[in-house]
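Here is a short tour to follow with the model open beside you. Take a look at the chain first, and then we can walk through it together.

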Amino acid sequence: MTSTREPVQEGLRPVRAEAGETVEVRFTVNGTPAVLNLPARVTLVDALRDHLGLSGTHVGCEHGVCGMCTVLVDGEAARACLLFACQLDGSEIVTVEGLGRPDDLHPLQESFGRNHALQCGFCTPGFLLSSYDLLSSKPEVTDEELPAELSGVICRCTGYRNILTAVSETRAAHPGGIPEPGNCARRALVGRSGGQSATVVEERAEPPGEPARNVEIVLPEGDPTIAVQVDTALDVPFDEVWRVLDDVHVLAGCLPGAELTEELGEQLYAGRARVAVGPIKLSFHGIARVLEQDRETGTIRVLAQGQDTGGAQTQADITLRARATAAGTELRADAAVHLTGRIAQFGRALAGDISRRMFEQFADSVRHAATTGEAPQQSHAAPSALRMVLGTLLDRIKRIGRSRGGK
């Protein structure tokens with residue numbers, strides 16, 4: 001189950017790192033090239049969890065006994081807690097995130113769910129990848145052999161019987177060989193650098209530091225992480241509101257923490273946005289494309305995507321609709337937002353509250369811009385998401401108080 005490898009070599013000379021120095025490691029994780037600068041003693045499991053945000057790989061005993069940290073290294077099962085990341089330069093690594101997608105599970109994942117082969121779920125990633133390794137290398141394994149073959153992973157919930165049933169069922173359903181991992185393709189990895197030196201990279205035609213041109217923004221398949229709809233009544237005439245929506249520079253200036261940095265042509269723009277959740281500060285660099293800008297319907301639709309230096313990624317489909325009313329203008333914002341990485345780890349409810357609060361602040365800025373002719377001055381510092389959420393909670397408490405007072 002473990003892998004023995006020679007030290008990373010440069011030519012024929014082993015590379016040595018002094019205490020405090022970092023080693024550059026290049027490998028492919030779930031189909032995506034990654035470059036990490038790590039201290040030589042960082043284990044693979046810590047690199048995956050703390051530097052790439054792939055927390056599906058669990059840490060148990062840290063002695064190679066429990067099997068919780070099992071991953072595939074160059075197609076074979078290995079204990080990620082027993083391997084230094086610097087040993088794996090040039091390797092192909094697959095974690096449980098690469099096995100299947102939420103909307104297209106791997107047969108092993110489907111069988112584990114169908115047979116209730118998981119309880120607390122802590123051992124599940126290790127069992128899934130150990131089972132995959134077993135069925136791909138020994139497809140003729142018998143039901144009698146399964147207990148011994150899978151004994152390298154410990155289930156703390158004593159769910160072995162259902163686990164064995166799930167693996168046996170998968171073997172029987174695929175006598176010609178188990179399907180390969182179904183979620184390994186070039187993409188932005190989930191990222192969480194933890195303040196240390198780590199970079200997730202993808203090959204690109206543009207020189208480093210140059211904004212990508214002729215980029216097609218494609219949203220992930222499946223449901224968004226959060227869906228937001230915010231309606232705001234503005235005491236400003238429609239024509240004045242539309243002047244703001246029709247000017248991309250002013251519009252960008254109304255977004256909390258956002259800054260437009262370059263026009264790339266053909267309604268494509270480069271920019272950056274910042275958000276802070278407690279001590280965690282994220283700075284996203286990305287692009288946005290205006291798909292629709294129609295005064296007749298009062299509609300503007302934008303696709304946007306961005307990634308921070310730790311690999312956290314956000315993609316969004318945003319539609320703004322302005323409608324004239326007797327009192328002024330009704331502004332509606334609809335957004336479908338896909339999040340990956342550390343920003344996704346705050347939970348749907350918190351992320352939804354943050355997004356709604358940001359759109360409410362955006363509507364206030366649109367009102368200001370429509371009235372004064374220019375976007376409000378922003379420091380471009382990261383807006384505090386916790387402050388936004390506290391504001392939302394206070395609003396909820398006030399509404400509850402009012403509703404109770406009316407009874």
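## Strand E9

Ile226 has its place in strand E9, where strands (E, at least two residues) and helices (H or I, at least four) are DSSP runs numbered from the N terminus. With a relative accessible area of 6%, Ile226 is buried; here buried means under 20% relative accessible area, exposed over 50%, and partly exposed in between, using a 1.4 Å probe and protein chains only. The C-alpha atoms of Ile226 and Leu339 are separated by 8.3 Å, although these residues lie 113 residues apart along the chain.

Thr232 also belongs to strand E9, which covers residues 226-234. Thr232 counts as buried because its relative accessibility is 15%. Which residues does Thr232 touch, not counting residues up to four places away in sequence? They are Thr329, Glu330, Leu331, Ala363 and Arg367, with contact meaning heavy atoms within 4.5 Å.

## The model as a whole

This is a predicted model, in which local features need pLDDT of at least 70 and side-chain atom pairs count only at pLDDT 80 or more, while totals for chains, interfaces and linings use all residues. Residues are numbered from 1 along each chain as its sequence is written, and side-chain values use heavy atoms, with hydrogens and water left out.

The protein has nine helices and 15 strands. Of its 407 residues, 45% are buried. Among contacts in the protein with a separation of 6 or more, 64% are between residues 24 or more positions apart.

## Helix H3 and its surroundings

Helix H3 has 14 residues and reaches 20 Å from its first C-alpha to its last, close to the 20 Å expected at 1.5 Å a residue; the expected span is 1.5 Å times one less than the number of residues. Is H3 largely enclosed or largely open? Twelve of its 14 residues are buried, so H3 is largely enclosed by the rest of the structure.

The buried residues of H3 are Thr124, Pro125, Gly126, Phe127, Leu128, Leu129, Ser130, Ser131, Tyr132, Asp133, Leu134 and Leu135. Their cover includes strands E5 (70-73), E6 (76-79) and E7 (92-94), together with helices H2 (107-114), H4 and H5 (160-173).

H2 and H3 pack at an angle of about 125°, and their axes are 10 Å apart. Axes are lines fitted to C-alpha atoms, for helices over the stretch in contact, and angles run from 0 to 180 degrees between N-to-C directions. H2 and H3 are therefore oblique to each other: angles under 35 degrees count as roughly parallel, over 145 as roughly antiparallel, 65 to 115 as roughly perpendicular and the rest as oblique. On the H2 side the contact is made by Leu108, Gln109 and Phe112, and on the H3 side by Thr124, Phe127, Leu128, Ser131, Tyr132 and Leu135. Six of these residues are nonpolar, three are polar and none is charged. In this scheme Ala, Val, Leu, Ile, Met, Phe, Trp, Tyr, Cys and Pro count as nonpolar, Asp, Glu, Lys and Arg as charged, and the others, Gly among them, as polar.

The axes of H2 and H5 come within 9 Å and cross at roughly 140°, which makes H2 oblique to H5. Pro107, Leu108, Ser111, Phe112 and Arg114 of H2 meet Ile163, Ala166, Val167, Glu169 and Thr170 of H5 in this contact. By class, the contact of H2 with H5 has six nonpolar, two polar and two charged residues.

Asp74, in the loop between E5 and E6, has a positive phi of about 50° although it is not a glycine. Asp74 counts as partly exposed because its relative accessibility is 40%. His116 lies in the loop between H2 and H3, and its phi is near 55°, a positive value in a residue other than glycine. At 60% relative accessibility, His116 counts as exposed.

Glu145 sits in the loop between helix H3 (124-137) and helix H4 (146-149). Glu145 is partly exposed, with a relative accessible area of 32%. Leaving aside neighbours within four places in sequence, Glu145 is in contact with Lys138 and Glu140.
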